[in-house]
Amino acid sequence: MSLIDQVIRPDVRAMSAYAVADSEGFLKLDAMENPYTLPQALKVELASRLANVALNRYPVPSYTNLKAKICRCMGIPEGYGIMLGNGSDELISLVAQACATKDHPAKMIAPVPGFVMYALTAQFAGMEFIGIPLKTDFTLDTEAMLSAIEEHRPAVVYLSQPHNPTGTLFEEKDVIRIIEAMSDKGIVISDEAYQPFAEASFMSKLPVYPNLVVMRTVSKLGLAGIRLGYMSATAELLAEFDKVRPPYNVNVLTEATAEFAMDHIDVFNRQAAIIRSEREKLAQALEKLPGVEVFPSRANFLLVRIPDANEVFEKLLSRKILIKNMGKMHTLLQNCLRITVSSPEENRQFLDQFSACIQ
């Protein structure tokens, strides 16, 4: 028996690592990133602030100033706090760690196809993940979700608002039915990574539903490189989740950059408004192309279905255009491609090449 066989879990040995495509030299439209950088004057101001960060000291793990700025800028209800993570990925992992049980595995439910980290973190923590398929139009199958909740009594239900990879914004009344059905069973997490583009949120519902958690990231807002996520819930829930959080999980450069961003949140909000406008323009242009079905999106990306997604994906790669081929993820996504909405210039460049590839 090899060393790997002796010490590494069988389920981990059977997995593949999370794959990130090499994007050097490509028009990168695969990761839902904001294409805009800071204005030059703000770059200079940020550089000055970062130069004064005490790199020789550990972060102060309370992150009091940053939390206060996020609460003020991001509409956290009065009396509610937040917990910070190294991206929302870490928060998803910490929730699973806190909710996993040893004797009988706790269960996690989420619609599928969905964000792969829900199932992965459940697996790593020893939870059982149960995926409930979306309807064929990518709307929420509420009755199937409610039946699964009644049958499995999960500790955690994830609902992405808007949903990744489809861009669908689930109906508020359906989400509320699920929150209420979970009231005596566990928590419902509204994962709002794409909230800047949806202009909809369950944040204001936190005081109404004690079992609701709202999770967000600043990545899609335009700060993917600093890796910062946050979530809000009742003080009692946050206190329990905080017990499994590493004490210095947000580094001092991220902390300083995020504080700076909150001081200039209007810049990022204007960028989000441009991307929302470009999303509609890009959707309209794609709908005019033969054989292209565009699904409604409230995120900063569009999901489209075409007759032969694999062939078009490879053609785009040969032209240095990188998007996401979703067909292998789930049967509902057969022949689907996901395209990040970018700047007007990059959107035009993509459309020109995409049009040529589907002829």
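Q: How many salt bridges does the structure hold?
A: This is a predicted model, and the structure holds 22 salt bridges.

Q: Which residue forms a salt bridge with Glu-259, and how far apart are the closest N and O atoms?
A: The partner of Glu-259 is Lys-69, and their closest N and O atoms are 3.8 Å apart. This pair links distant parts of the chain, 190 residues apart. Glu-259 belongs to helix 12 (residues 252-263) and Lys-69 to helix 4 (residues 64-73).

Q: Is Glu-259 buried or exposed? And what about Lys-69?
A: Glu-259 has a relative accessible area of 15%, so it counts as buried, the cut-off being under 20%. Lys-69 is buried as well, with a value of 16%.

Q: What about Arg-245 and Asp-242: what is the N to O distance there?
A: Their side chains meet in a salt bridge at 2.6 Å, N to O. Arg-245 is buried, with a relative accessible area of 14%, whereas Asp-242 counts as partly exposed at 33% relative accessibility.

Q: Where do Asp-266 and Arg-270 lie?
A: Both are in helix 13 (residues 265-287), four residues apart, which is about one turn of the helix. Asp-266 counts as partly exposed because its relative accessibility is 38%.

Q: Changing topic, what is the volume of the largest pocket?
A: The volume of the largest pocket is about 1,400 Å³. Its lining comprises 46 residues, of which Tyr-18, Ala-19, Phe-115, Lys-324 and Arg-338 are the closest to the centre.

Q: How do the residues of that lining divide into nonpolar, polar and charged?
A: There are 24 nonpolar, 12 polar and 10 charged residues in the lining of the largest pocket.

Q: Which helix gives the most to the lining?
A: Helix 6 does, with six residues. Among the elements that each supply at least two lining residues are helix 5 (87-99), helix 14 (309-318) and strand 12 (324-325).

Q: Now the surface: which residues make the nonpolar patch?
A: The patch is made by Leu-3, Ile-4, Val-7, Ile-8, Val-12 and Phe-124, and has an area of about 540 Å². Helix 1 (residues 3-7) gives the most to this nonpolar patch, with three residues.

Q: Why does Val-7 count as exposed?
A: Val-7, which is placed in helix 1, counts as exposed because its relative accessibility is 56%, and the cut-off is over 50%.

Methods: Residues numbered from 1 in each chain as written. Predicted model: local features only at pLDDT ≥ 70, side-chain atom pairs only at ≥ 80, totals over all residues. Heavy atoms only, no water. 1 Å grid on protein atoms, 1.4 Å probe; cavity = no way out; pocket = protein on both sides within 12 Å on 5 of 7 lines; lining within 4 Å. Points joined across faces, edges and corners; volume = space filled by probe spheres on them. Nonpolar A, V, L, I, M, F, W, Y, C, P; charged D, E, K, R; others polar. Patch = residues over 30% accessible without salt bridge, like charges linked within 9 Å, V, L, I, M, F, W, Y side chains within 5 Å. Areas by Shrake-Rupley, 256 points an atom, 1.4 Å probe, with all protein chains shown as cover. Salt bridge = Lys/Arg side-chain N within 4 Å of Asp/Glu carboxyl O. Buried < 20%, exposed > 50% of the residue type's maximum accessible area, 1.4 Å probe, protein only.
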